[in-house]
Amino acid sequence: MNELSKTYDPSQAEKKWYQHWEKSGFFRAKVNPSQEPYCIMIPPPNVTGMLHMGHVLNNTLQDILIRWRRMQGRETLWLPGTDHAGIATQNKVEAMLRDQGQSKEDLGREAFVKKVWQWKEEYGGIITKQLRKLGASCDWSREKFTMDEDMSYAVVDAFVKLFDKGLIYKGTYIVNWCPRCRTALSDEENIHHDHDSYLWHIRYPVAAGSGEVIVATTRPETMLGDTAVAVHPEDERYQHLIGQTVILPILNRELPVIADEFVSREFGTGCVKITPAHDPNDFLAGKRHNLMEINVMTEEGKMNANAGSLFEGMDRFECRQKVVQLLEESGHLVKIEPHKHSVGHCQRCDTITEPYLSDQWFIKMEPLAKPALQAVLNGEIKFYPEHWIKTYQHWMENIRDWCISRQLWWGHRIPVYYTPDGAYTAAHSEEEARQKLNLPDDTPLTQDEDVLDTWASSWLWPLNTLGWPQETNELNYFYPTSDLVTAADIIFFWVARMIMAGLEFRGEIPFKNVYFNGIVRDGKGRKMSKSLGNSPDPLDIIAEYGADALRYTMAFLTPIGNDVLFSAEKCELGRNFANKLWNASRFLLMNLGDFDPYQVDKDQLAYTLADEWMLSRYHRAVRALDGALESFSFTDATRTLYDLIWGNFCDWYLELIKSRLYNPQNEIDQLTAKYVAWQVLEGCLRLLHPIMPFITEEIWQKLPHQGETIMRAPYPKADTTFIDPAIEAEMDRIQAIISAIRNIRGEMNVPPSKEAEVILKTENEAIQQLLERDQSYIGDLAKVSISEISSKAQKPHMAASAVVGDIELFIPLEGLIDLNKERERLEKEIAKTKTLLDRADKKLANPNFVAKAPVHVIEAEKKKQAEAMEILVRLEKNLADLS
């Protein structure tokens, strides 16, 4: 007989089974035309990354889907990999070099890139090892890195295709610029924080005659690059100034006063300074009015010659102080106001970023966005939850061209080649570039120094991981992929762009469904982060509670698309569930003996009400689970399993069949109980496996089973012929009676060892007959003897009572408990409860308390009041029963 140990040891089971699964190749996918494919591409974490709670949530949900579809018989591919994370990885290696007293410039580009590759091989990819601890069943034999040779070829090919189509161009535009990293940043890498700062109000005198305009700015140093002052065309205060010029203080440059509708008449004075080289809105205004673009800063954030000799070489913030000082001395500073505003910071080094005019490479997005928007609006790609469609639509309809160049050394180098006279083209190689430019073979070419934005490689992830641009078997079989599970904060940076890339390069959508998981937050609703110190290490949680407990808890806590409020202690939920399952399985295994379900003649089985009820609940749950997982309702799935396994199977069914296991009336009765218990438990393990893979494999291997592993066993299918609402209603009634009797025993302090008498009264003849038939269940589980079931039953003297639907039940208490002592106890409890209730009533009747106390304190007091009232009613009823 296979026995389970007394307690479950997650660490032992997790290590053993994961090694077995991976070694046996159970995660591997193959091109199999005879089976329907199912494919998920992992959102590639940064190669520098470490597992955090956001990864735990995202990858748990992906693994649930993959394991579920695998058990359904689909050919499943969960393709893992990591992103080269250009700026993050370069910063890591630069920091390492600094510790060694070196810089990347000391090494030179080629040697530095080689050093990054060495760092990647030694330290990169730790997160993929950590994902194994979580139980992620990825096909590790297909693991990809965004800078693998074949992946890089695809990136170059996509660039060349778009360049040749006229969708990639080089232009001078405002970008997010990090002066420390000296590179452009994507919006996603430009993190905004609120700053307590100031608004400086500055007087610009009118050039001709008297008068002035007053403008307000949070960045006085940028006024050195002003080329105009703007007002709203319908602002009557400034109609007389439109077309005139004002004098820029300090530099004494004349600036035109222009009219533009982007100016808010309500903000400040209604006049704004226009600095096209240092503000994105001003840049656009400058284009509309043909203004000069004066860049007054270097790439390092220092003032350049355009700022004037007085400021050249100064740090931008030092310059700010000097400008304010000079304005004050010259009388041009009107006032300074405290002002809180949002300031961009480099995600990697936290340096304050600058809107900066720079030569960059861009992709024209509008032609790509239109079909990508239509694919979502027409339902070809479905979003879960649906409300993200509006967000997606708004962004796509207002899309701007994508700055894809970065001033880094680590990444995909832009495949553009320049001739000595400045001509250029995009190509896969120098040789191809010469051919496209009709140049002799010995013409020297220089490749562009910049690299591509990381997203300009990861937008190809569903394509090049499967071999694109080559027509591979994998691409033809697994593409389009099935589902994408990702965070909503990258809906624009990644999801939208993958849709564009799929349609542009393949003519097909990249995936059919997108599930946006929520953000993991702490109990106070704050996003978990290292800086706040509120993010537990997932590996510590796994060590304490087990991977299954963590996975179950995360799935249980994630309502569709909403954020997860998490604390490590909540994993008690998952651990308790695992222990409940373990103990129930251990009990059943101890009672199965040499039972072999595969030798049972099912026609001989004699099902009782308990068996029929358990099978009905089981198949109802199977049906509900399919619906929940199909709609990405992971919380509903976990709760369905909790109710089925803990609520129905462990708490009720196993208790209901104990007498048949221990003292059966006949052999068939015991065989039926064993068979149904085995059948339901084995099915429950398969249902639960996608969520809790380790414990289910451990138990399943001990149960009689067929097959090598539970992860390749078929996922249960609902047989609706077993679902019987009448049977369920009958058992619900029995359970309600048992619960009512248990409540009375508990409230009246009836010792568990004492068997009580119970009388059941009902006017309903059909229910009366059912109670006659089912009374053994009530007797066994409530520890009572039923002395009467009739419509004429009377409540005995000194009896407790309860009502369950159409049934009244009475429990005579005389001789069962010490009535005087029980009366005394109840009277004391009533007095104590009245005191608590009176205290709550007085507080809530006090106008000062209600007016001044925080809402949560008032709500807590109302809850105390309601609970005290409920307890008092129950206590007084119990005392009345003893009178």
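This is a quick walk through one protein model, from the whole chain down to two residues.

First, a caution: the model is predicted.

Start with the overall picture. The protein has 883 residues, and 54% of them are buried. Its secondary structure comes to 28 helices and 29 strands. The C-alpha trace spans about 110 × 75 × 55 Å along the principal axes.

The accessible area is about 39,300 Å². Carbon and sulfur atoms hold 48% of that area.

Charges next. There are 100 positive and 128 negative charges in the protein. How far apart are their mean positions? The answer is 4 Å.

Let's zoom in on N464. This residue sits in helix α14, which covers residues 461-464. Is N464 buried or exposed? N464 has 2% relative accessibility, so it counts as buried; the cut-off for buried is under 20%. Which residues does N464 touch, leaving out those up to four places away in sequence? They are M151, A154, V155 and S457.

Now a spot on the surface. D537, D540, E544 and E569 gather there in a patch of negative charge. Take D540 from that patch. D540 belongs to helix α17, residues 538-545. Its relative accessible area is 51%, so D540 is exposed. The cut-off there is over 50%.

Definitions and conventions: Residues numbered from 1 in each chain as written. Predicted model: local features only at pLDDT ≥ 70, side-chain atom pairs only at ≥ 80, totals over all residues. Heavy atoms only, no water. Helix = DSSP H or I, 4+ residues; strand = E, 2+ residues; numbered from the N terminus. Buried < 20%, exposed > 50% of the residue type's maximum accessible area, 1.4 Å probe, protein only. Areas by Shrake-Rupley, 256 points an atom, 1.4 Å probe, with all protein chains shown as cover. Lys, Arg positive; Asp, Glu negative; His and termini not counted. Charge placed at Lys NZ, Arg CZ, Asp CG, Glu CD. Contact = heavy atoms within 4.5 Å. Patch = residues over 30% accessible without salt bridge, like charges linked within 9 Å, V, L, I, M, F, W, Y side chains within 5 Å. Salt bridge = Lys/Arg side-chain N within 4 Å of Asp/Glu carboxyl O.
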